[in-house]
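This report walks through a two-chain model.

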Amino acid sequence: MLEQQELERRLQRCIGVVVGPVKSWDPVNQPMIRHWCDAMGDRNPLYTNTDFAATTRHAGTVAPATMIQAWTMTGYTGSAAPGSQGLPEGCDSHYALLTEGGFESVVAVNCDQVYLQAVKPGDELYQTSMLEAVSERKQTALGEGYFTTELYNFFNQLDEKVTEMRFRLLRFNPPSTSGEA
Amino acid sequence: MNRVLFSEVQEGLELPGIEIDVSTGLIIATAIASRDYQNVHHDRDQAIALGSKDIFMNILTTNGLVGRLVTDWTGPGGELKRVNIRLGVPNYAGDKMLLSGTVKSKRIERGENLIDVDVIGRNSMGNHVTGTVVVALPN
């Protein structure tokens, strides 16, 4: 297991390293939008009614803004779409480091999405991400751990940023497993 | 179809709430629609083995429902600008969540008519989600 000082030193080196691009498997498309709206119970005609949407300022349907992550998720087999890139060579994954350090449990704390531009059928999206900040080791109600903040940027085929997302997680070591091994 | 205009909105206004029946089916349907195949969102045995009470709703769905609460109210003229949420207790299968929103403030920024809405999603265990949504409205 990684000692605290070594773990924290290596985590600091992960900050600012850009991971990606992670490309979407499919262009933004009406069938996936319809599935999403069906499951969410969202009847907004701007998303699915092409006749109505043609009369709006968007001149066509748009994808729900909150659906942004669904486009670049890797899917059931976890494989990345062609043209995607992972971590640059020689860089640690902060996620793997924390696991190695014994902070295997994870809970999401905050998700903050800022929508800069509408996403429309036909758009080909990709995402980049980077670790923006790591807290000091903290004692929380769930156990000892670290808060990590990751910045995700989503772009379209014109390299215009459409969404910015900050995601904060707590990686922790539940008390029941502390001190083992 | 709702068509809420910026001029009509007053601070303190309460949005129509949405009651979400957090069924096993809903959790799975929304997880798959968001392409999130983590086992804790569709496999009860594995969720329990990992220390959960049951399968639970994924974050993308919580995010989607919070956005829906606001755009159900505004109608298609409302444009989401920001959804900023803090996550609390899980939405386990079999629970119900009441999503509610209150207009906190209205402002004009860079020519856009913006409304800040405070949102809370409460289930039987407490707050599943709290946060703020910014939506732009037509005049």
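## The interface in outline

Chain A and chain B bury about 2,800 Å² between them, and carbon and sulfur atoms give 56% of that area. Buried area here is the accessible area (1.4 Å probe) that two parts lose on being put together, summed over both. On the chain A side, A:Met40, A:Met73 and A:Tyr115 supply 20% of the area that chain A buries against chain B, more than any other three residues. In residue terms, 35 residues of chain A are in contact with 31 residues of chain B. Contact means heavy atoms within 4.5 Å.

This is a predicted model, in which local features need pLDDT of at least 70, side-chain atom pairs count only at pLDDT 80 or more, and totals for chains, interfaces and linings use all residues. Residues are numbered from 1 along each chain as its sequence is written, chains are lettered from A and ligands numbered from 1 in the order in which they are written, and side-chain values use heavy atoms, with hydrogens and water left out.

## Polar and charged links across the interface

The rule finds 12 residue pairs in polar contact across the interface of chain A and chain B, both residues at pLDDT 80 or more. A polar contact is a pair of N or O atoms within 3.5 Å; within protein, one must be able to donate a hydrogen and the other to accept it, and residues adjacent in sequence count only if both atoms are side-chain atoms.

Salt bridges between chain A and chain B number 2. The term covers a side-chain nitrogen of Lys or Arg within 4 Å of a carboxyl oxygen of Asp or Glu. A:Asp112 and B:Arg82 meet in a salt bridge through their side chains, at 2.6 Å from N to O.

## What chain A brings to the contact

Five elements of chain A each supply at least two residues of the side that touches chain B: helix 2 (30-40), helix 3 (45-48), helix 5 (68-72), strand 2 (105-115) and strand 6 (161-173). Strand 2 of chain A gives the most, with 8 residues. Helices (H or I, at least four residues) and strands (E, at least two) are DSSP runs, numbered from the N terminus.

By class, the side of chain A that touches chain B has 20 nonpolar, 11 polar and 4 charged residues. Ala, Val, Leu, Ile, Met, Phe, Trp, Tyr, Cys and Pro count as nonpolar; Asp, Glu, Lys and Arg count as charged; the others, Gly among them, count as polar.

## Strands paired between chains

Strand 2 of chain A runs antiparallel to strand 2 (residues 79-87) of chain B, and 5 bridges join them. Two strands pair if DSSP finds at least two bridges between them. One of the bridge partners in strand 2 of chain B is B:Val83, which pairs with A:Gln113.

## Chain B

Chain B has 3 helices and 5 strands. Along the sequence they follow the pattern β-α-α-α-β-β-β-β. The C-alpha atoms of chain B fill a box of roughly 50 × 25 × 25 Å along the principal axes.

Of the 139 residues of chain B, 51% count as buried. Buried means under 20% relative accessible area, exposed over 50%, and partly exposed in between (1.4 Å probe, protein chains only). Of the chain B contacts with a separation of 6 or more, 68% are between residues 24 or more positions apart.

## Salt bridges within the chains

The whole structure holds 17 salt bridges over all chains. A:Arg10 pairs with A:Asp92, their closest N and O atoms being 3.0 Å apart. A:Arg10 lies in helix 1 (residues 4-14) of chain A and A:Asp92 in the loop between helix 5 and helix 6 (94-100), so the pair ties together parts that are 82 residues apart in sequence. A:Arg10 is buried at 18% relative accessibility, whereas A:Asp92 is partly exposed at 24%.

In chain B, B:Glu79 forms a salt bridge with B:Lys81, with 3.4 Å between the closest N and O atoms. B:Glu79 is partly exposed at 23% relative accessibility; B:Lys81 is buried at 15%. Shared partners also join A:Glu6, A:Arg9, A:Arg10 and A:Asp92 into one salt-bridge network.

## The site around B:Ser34

B:Ser34 sits in the loop between helix 1 (24-33) and helix 2 (44-49) of chain B. It is buried, with a relative accessible area of 0%. A polar atom of the B:Ser34 side chain lies 2.8 Å from the backbone oxygen of B:Thr30. The side chain of B:Ser34 also makes a polar contact with the side chain of B:Asn58, at 3.0 Å.

Leaving out residues up to four places away in sequence, B:Ser34 touches A:Trp36, A:Ala70 and A:Met73 from chain A, and B:Asn58, B:Leu60 and B:Thr61 from chain B.
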